[in-house]
Each structure stands twice: as structure tokens, then as C-alpha cells.
Amino acid sequence: MCDTINNIINIVGKEVVRTVIGLVGVFIVVLGNAIMLTWTERKVAGHIQRRIGPKEVGPFGLLQSFADSVKLLGKELLTPANVEKPLYYLAPTLIFVPVLVTFVVIPFDGFLQVKDINTGILVILAFSSLTVLSILIGGWGSDNKYSLIGAVRSVAQNIAYEIPLLLSLLPIIFMANSFSLRDVVEAQKGLWFVVYQPIAFLIFFIASVAETNRTPFDLPEAESELVAGFHTEYSGMRFSLFFLAEYTNMFIVSAIAVTFFLGGYQGPILPGVVWFFMKTYLLVFVLLWFRWTFPRVRFDQLLNFSWKILIPVSFLNLLVTGGILKL
Amino acid sequence: MIFADIIFVIIILITLGGALMTVLSGSIIYALMGLVTTMFGVAGLYIYLNAPFLAMMQILIYVGAITVLIAFAIMLIGPLYKKPKEWSYPLKFILAAVVALFSFFVFAKVILKTQWIVLSTPFAISTKDIGRLLFDRLTFPFELISLLIVVAIIGAVMLSLYSRGEK
């Protein structure tokens, strides 16, 4: 058995085997995360609103999300009559590209990383901008006014919030002197960067709530005014792909925040993976908490907040950091 | 070496296919998707040339910012996606072809005339080198570009101010 495995590894090469194993791991994390988070979101929402949440299927309702996903898988895939077919079909698939690419560079532990690329953070930032593109073509291709409004809003919002997101990560890159995520984590051996850069952390977190389209910045899908925004016309498994991508994006922004500001996989006693997931899910919980605490902002408030407050403050932060580092 | 050549051909096909889609598709949103494909192809070329930083910047700026801005502009000017093809008149098509061929020959001439220096060993340019170049040897052109952008911004602001009436 061992010999056969070794033979296979020798034939196709170590790098390929590593990549395949890494991608399988990524799929497991993506699916497990989504299944767990749907349950958590409903439980947290329930308790915040003094309800109990799901409790019928399995102990504490733990199997609820499995039941839901089986239901979604079994549903008929409806295609509305007037949709722009290629765009309509492409959107749910395209939204998964950035999700998978981003996972490749996140260091879950000192050794647990699919590939350490020396421009790691640029890979994440570059590919996460694809999300807005798929929202755009999904909303446009649906031939529905609500979808189109959702898509337009999402574009305006993403343009506005990508700038502070980038600018809040730059001081960290200054301090770590590297684009590689592992170097950034290693640079936080002593003190976490959140201690040096509290403003950058706040800006990053606010901007990432907007980038993942979560309440209070969920204008692209605002249920109470736009039905479901850009994915109004999607049903069954296509809808659940959007859903899966949203939950995975929540995990990714939290993981990036942990990597850049909260010391990544570093922590005493427990192994690194445990620390990484604990910190990440703490931030994910904060995102859920936001959703059930803050009301949705108005669109002009949303844009003004980014252009008039977040961007100037993050520029100032960048300037001060650069100045201090050069002294 | 064969493997590298195959990859190169695939990248070139993606780039050219996207470009053709941009020019020939009737619907403006498909043209945009073609543009995105071309940008990805160009980023692939940068990776092929061992410049990952440039490739990532290509995706970040051209796919993430510029095409998204173009998309935003398309959505502001209204539902053009049901409009017929713009170059349906033969005269327009011929004029466009003349301009395209002319610029193609100019570029081809320039490329063929340049004496390219072929390096014997592959080299990698780091982010640090790019920063050094921009802020040291190439500061003057860099600043000139920023001046150009400032002029463009002022022009855009002026245009938007005057189009809102109350001259």
C-alpha cells in the first residue's frame, strides 16, 4: 500500500500531490464551514431575539443544515424565461473562483498551508475583486429590476470599500516587510499587530463587513426592499452556491483579519490550527452579532461613510505609520 | 520546454479570444466580459514572464477596479443590452478596420525594429526593485503621470459640475 502511494507520488511529482491534497482540504473546510455557520447563524439569531432557534432535527437542531442542504439539492433548477443565459449560468460558478483561490494562501498553521506565495496578500485582494464581477453579471443576466438594482448597489459599495480595505492592510505590510502571509504571521511573534495598528484593524473590519455584503451594509441583497437583491431569480442549488460563497467569504475575511492583526496561528499550549480557528470563529461570531444588532444603513450614508471618513483616516494612518517606521 | 510552449499558446489564445469578444460582440456587457478575459490573459503572460507582482497588480487594478468602474458606468447610462450591434453599417466597420490595421502595423514595426536584449539566465524582479525604480530612476515620468491624472480628475469634476444645469 505504502509502496503504491510512493510510486504514484514519484510519477506525478510531489507538487501536484500536495496541491490536490490541499484542494481537497479546502473543499472540506468550505463545506464544513458553511454547514456549521448556517446552524450557528440561526441559533445566534434565535437567542439574540429571545427565541431558541432550530431544535427539532438532531440534538440542539445540529442536523438542521444537513436537512436544508438535502432539500436544496433536490429542488428543481428553475430558469426564468427572459434571462441572459450565459451570464445567468456563469455567475454562481464564478463567485466560487475567488473563494477557492483565497484559501490557497491562508496559513492555518506553520506547516498547514496549500502554498506560500510571496505575493500572498495580493493574490487575495486581486481575486476577491472577482466577487463583485459575478454579482454584477448575475444581477444583470437575471433580467429583473430588483436584481439589477442589487447589482448596481453592490458595485458602488465595493468600489467604495475596497480602497480602505487595501489601505488598512498596507501599514501591516510596511511593518512585516513582506507580502507573504506566513511572514506576516511570523512577524507577530512578540506582539500582535492589532496593538500597533488598532485603527487599521477597525477600518479593515468595517470594510470587510461591507465587502461580504453583511448587515448593516447588506444593501445589495436587502430583503425588505429588494426581495433578495442580485440573487432574486436564482433557486435550488444555484441559490445555495451564492449562499455558500457568502458564508465562506465571512470565514475568509475573518481569517485574513486574524492573520494580519491577531497573530494568526500563534498562541500558547494549544496547537496552531486550534488557535487559528478559535480566533477566526470569534470574529465570525462578531459578524453574526452585528447582523442582529445594527439596522441597515441608508445608501448615501454608506457611501459617505467610506469616502469621507474611512478613506481619509486610513490615508492618515498610512502616513503616520510610514513616518514612524522611517524615523 | 514543450509544456511551457503549450501554456504560452493557451495564454495567448485566451488573450486574443477575449479581445475578439470585446470588439465583435454586440452586447456591451459581453464586451466587458471579453475585456476581463483579456486582462486575465495579460496577467497570465506576466506570470509566464516570472513577474507575479505585476500579474497580481494587473488583476487588482484592471479587473478589480477599471472593469468594475466601466460596468458601473454602463449601468448608469441605462439598459443598452437590447440594442443592436453598433457597427452594423459597412462604412463604420471599414473605418474601424482601417484604424485597427494601421495601429497594428505601427506597433508591429516598432516591435520588430527594437533591438531586444536576450538574457542568458532568467531573472526575477522583486517588489523592492520596482519601488526603487519608480522612486529613484524613473521619478520624473512617474510624477508626470500623476500630473496627467490630476488634470483628468479636474476635467471630470468640471464636466459633472456643468452638466447639472445652473451655468
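Trainee: Where in chain A is A:Arg50 found?

Mentor: A:Arg50 sits in the loop that runs between helix H2 (14–48) and helix H3 (64–74) of chain A. Helices here are DSSP runs of H or I with at least four residues, strands are runs of E with at least two, and both are numbered from the N terminus. Before we go on, note that this is a predicted model, in which local features need pLDDT of at least 70, side-chain atom pairs count only at pLDDT 80 or more, and totals for chains, interfaces and linings use all residues. Residues are numbered from 1 along each chain as its sequence is written, chains are lettered from A and ligands numbered from 1 in the order in which they are written, and side-chain values use heavy atoms, leaving out hydrogens and water.

Now look at the backbone: A:Arg50 has a positive phi of about 55°, although it is not a glycine. Its relative accessible area is 80%, so A:Arg50 is exposed (exposed means over 50%, buried under 20%, and partly exposed in between, with a 1.4 Å probe and protein chains only).

A:Asn177 is not a glycine either, yet has a positive phi of about 60°. With 66% relative accessibility, A:Asn177 counts as exposed.

Of the 327 residues in chain A, 51% are buried.
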